[in-house]
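Subject: Structure for you to look at

Hello,

Here is the structure I said I would pass on. Please open it first and keep it beside you while you read the notes below.

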Amino acid sequence: MISKDYIILASDGIHARPATALLKLARQFKSVVYVAKNKKTVRLNSILNLLTLAPKFGETITVSVEGEDEQEALIAIGHFFTENLKDL
């Protein structure tokens with residue numbers, strides 16, 4: 001399992017549209033993706049799981065990935081948080 005912290009750069013935080021995009025991205029990989037904020041961890045297999053964390057602008061979340069393609073998944077998810085999220 002590998003993990004990395006990300007700061008939410010989108011002014012609106014993570015709401016339904018970016019949560020849906022992140023879920024679609026995570027489903028492209030065989031690995032299991034987890035997202036954590038303030039000691040609460042959810043599996044990224046449902047939009048509601050992610051929305052329960054209510055990530056807001058400036059907050060830090062931790063993404064953990066476990067599985068055979070975890071490196072590739074974390075790179076793609078990292079790109080999502082650093083490049084794509086602010087445009088959604």
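The model is a predicted one. In it, four strands form an open sheet in the order β1-β4-β2-β3, and the pairing is antiparallel. The edges of the sheet are β1 (2-7) and β3 (40-43), each of which pairs on one side only. On average, neighbouring strands of this sheet are turned by 25° against each other, direction ignored. As background, the strands of a sheet pair through backbone hydrogen bonds, and the pairing can be parallel or antiparallel.

Strand β2 covers residues 32-37 and pairs with β3 in the antiparallel sense over four bridges.

Next, the backbone angles. Most residues other than glycine have a negative phi. Which residues have a positive phi here, including K39? In the hairpin of β2 and β3, with two residues between the strands, N38 has a positive phi near 50°. K39 is not a glycine either, and its phi is near 70°. K39 sits in the loop between β2 and β3, and it counts as exposed because its relative accessibility is 88%, where the cut-off is over 50%. A54, also not a glycine, has a positive phi of about 50°. A54 belongs to the loop between α2 (47-53) and β4 (60-66). With a relative accessible area of 30%, A54 is partly exposed.

The last item is helix α3, residues 70-84.

Which residues of α3 are buried? They are E70, A73, L74, I77, G78, F80 and F81. Viewed down the helix axis, the buried residues of α3 fall within an arc of 150°, so they line one face of the helix.

To go through it yourself, start with the strand order β1-β4-β2-β3, then find K39 in its loop between β2 and β3, and finish with the buried face of α3.

Regards

Technical notes. Residues numbered from 1 in each chain as written. Predicted model: local features only at pLDDT ≥ 70, side-chain atom pairs only at ≥ 80, totals over all residues. Heavy atoms only, no water. Pairing = 2+ DSSP bridges. Axes fitted to C-alpha atoms, helices over the stretch in contact; angles between N-to-C directions. Buried < 20%, exposed > 50% of the residue type's maximum accessible area, 1.4 Å probe, protein only. Arc of directions from axis to C-beta.
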